[in-house]
Amino acid sequence: MSNPHFSFIILTFNEEMHLPRLLNSINSLNASTYVLDSGSTDSTLKICADHNIEVIVHPFENHPMQWDIALKSFAIKTPWVIGLDADQIVAPELYRLLEKFKNNNYLNTNGIYFNRKSYFKGSWIKHGGFYPKYLLKMFRYNIGYSDLTEKMDHRFQVPGKTIIWKSGHLIEENLKDNNICFWVEKHNRYSDLLAKEEVLRKNKDLKSSIKANLFGSPNHRTAFFKRIWWQMPPYFRPLIYLIYRLVFRLGILDGKNGVIYHFLQGFWFRLIVDIKIEELSAPGKTNTSYRFLFNFLGLFFLFYSFNILYIGATTKGGIYFPFLDQHLNYIKLWRQFCISTSAQTLKSLGYIVHVNNAGLSIENHSGFRLIYSCLGYGIMSCFAAFVIAYPKTLSSRLIFLSIGLVTIQLLNTLRLVLISIYYKSYHAFNIDHHTVFNSTLYVILLGITYLWLNQQQRKSPGKIHTLLIRYTCRKI
């Protein structure tokens with residue numbers, strides 16, 4: 001007897017490698033299954049016939065359109081439908097949830113999010129923001145729909161209440177991706193769709209149908225972060241995204257295959273998209289974005305390397321230049337300035353301060369020992385490189401560069417003051433002050449960045465970008 005509660009719809013194109021695996025994971029649920037095929041030339045259609053699956057063939061345009069056609073083409077008789085891709089598998093825990101599913105238990109619910117686990121070359125991509133990853137895959141038929149406002153990234157939408165099955169895992173692993181040429185060719189096609197979509201959105205010919213809300217459903221949160229992405233400077237945003245995935249979302253812990261995946265999907269693919277956006281937007285014009293990217297990276301490498309080399313040249317041991325150390329050691333003067341300004345601030349607050357060459361201490365409190373890596377020359381190098389390379393008037397760049405460098409220095413001094421007063425009490429709990437300070441700073445800057453980005457229509461784009469740069473440089 002067929003399952004009266006839900007049906008499956010599957011998209012296929014030459015999926016003889018994946019389809020049996022998916023069907024084996026759902027067969028025992030006895031649910032009606034439908035396949036919308038894009039013109040397979042392998043044994044995909046034979047596999048469907050062997051399982052008595054109803055098939056409709058329709059040429060592929062993009063994923064959102066294909067899903068829209070699938071939902072409108074089949075005569076679904078159940079109140080719920082589940083939309084799956086052929087390279088996905090229903091894991092045992094999700095199977096058990098579906099096995100117990102009864103429509104009467106979800107009368108006030110219109111959609112259910114599954115928790116996806118992605119694999120690449122046999123490795124689980126656990127970090128980098130890829131897990132947990134909630135996808136709206138199950139929804140009431142004729143209520144849920146395919147969002148056609150995006151041409152590449154597909155998502156189902158549903159009005160009303162939705163819930164999340166956090167333990168209900170949907171395994172996603174495309175075995176064809178084990179051949180890197182297939183992966184590259186596939187994402188090259190995807191980059192065409194995504195570039196065209198962003199150009200349409202830039203020209204206001206395409207608007208998102210879902211409200212961006214950081215605290216809403218998974219779809220609302222995705223829309224929130226996409227809005228920020230669309231307003232970030234091209235060519236620079238893939239680099240920031242890669243750093244975010246590898247460092248701040250711990251993608252580096254995903255091992256060799258994971259790091260390869262984060263680089264390819266997080267940086268390479270999105271860089272190709274930005275290149276194609278520029279080609280579509282201004283064919284034949286001077287490539288200012290390329291020039292800016294190369295100038296920024298070159299200046300950042302130059303500034304950062306210079307500081308590192310200068311520290312080595314003014315520190316005894318290795319290649320040491322006494323004259324530089326004794327007469328032109330700006331690094332040492334910089335550290336002394338940080339120590340003295342912190343000491344003066346603490347004294348003005350009534351603390352008894354003892355200063356030495358490397359730091360200070362406070363009676364009945366803590367203090368700090370300031371090493372060169374805590375001066376912030378990495379942040380300042382990034383900030384200075386970006387502002388100098390950015391295509392604005394010289395006066396505008398000089399003013400903002402001065403304001404930004406002073407602001408970074410003031411924030412660093414504030415950190416040293418707070419460490420001196422409070423860190424001793426936190427140290428007993430093994431709380432790293434760098435983590436506390438940086439995490440707090442990132443949250444504040446992210447909020448400010450979002451507010452400024454939302455004012456793009458009312459403010460000068462230069463002001464939005466400069467605020468964004470201040471935020472991203474602090475991350476590096």
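Good morning, colleagues. The model is predicted: local features require pLDDT of at least 70 and side-chain atom pairs count only at pLDDT 80 or more, while totals for chains, interfaces and linings use all residues. Residues are numbered from 1 along each chain as its sequence is written, and side-chain values use heavy atoms, with hydrogens and water left out.

I begin with the chain as a whole. It contains 15 helices and 14 strands; these are DSSP runs numbered from the N terminus, with helices being H or I of at least four residues and strands being E of at least two. Of its 476 residues, 49% count as buried, where buried means under 20% relative accessible area, exposed over 50% and partly exposed in between, with a 1.4 Å probe and protein chains only. Among contacts with a separation of 6 or more, 71% join residues 24 or more positions apart; a contact means heavy atoms within 4.5 Å.

Next, the cores. A nonpolar core is a set of buried Ala, Val, Leu, Ile, Met, Phe, Trp, Tyr and Cys residues joined through side-chain atoms within 4.5 Å. The largest has 29 residues, and those with the most contacts inside it are Ile331, Trp334, Leu346, Leu360, Phe368, Leu370 and Leu375. At least two residues each come from helix H9 (288-313), helix H11 (330-348), strand S13 (359-362), helix H12 (377-389) and helix H13 (394-427). H13 supplies the largest share, eight residues. Leu375 touches Ile331, Trp334, Arg335, Cys338, Leu370 and Asn412, not counting residues up to four places away in sequence. Apart from this core lies another, of 28 residues, including Phe6, Cys48, Trp80 and Trp165. In soluble globular proteins, nonpolar side chains tend to be buried together.

I turn to helix packing. How do helix H7 (residues 237-248) and helix H8 (residues 255-281) pack? Their angle is about 165 degrees and their axes are 9 Å apart; axes are lines fitted to C-alpha atoms, for helices over the stretch in contact, and angles run from 0 to 180 degrees between N-to-C directions. H7 is therefore roughly antiparallel to H8, given that angles under 35 degrees count as roughly parallel, over 145 as roughly antiparallel, 65 to 115 as roughly perpendicular and the rest as oblique. The residues of this contact divide into eleven nonpolar, three polar and four charged. Here Ala, Val, Leu, Ile, Met, Phe, Trp, Tyr, Cys and Pro count as nonpolar, Asp, Glu, Lys and Arg as charged, and the others, Gly among them, as polar.

H8 also meets helix H5 (residues 180-202): the axes come within 8 Å and cross at roughly 45 degrees, which means that H5 is oblique to H8. The residues of that contact comprise 15 nonpolar, five polar and five charged.

Finally, two residues. Leu11 is placed in strand S1 and counts as buried, at 9% relative accessibility. Its C-alpha atom is separated by 8.0 Å from that of Gln66, 55 residues apart along the chain. Leaving aside neighbours within four places in sequence, Leu11 is in contact with Leu36, Gln66, Trp67, Ala70, Leu84, Asp85 and Ala86.

With neighbours within four places in sequence set aside, the contacts of Glu15 are Pro20, Asp42, Thr44, Ala86 and Lys176. Thank you.
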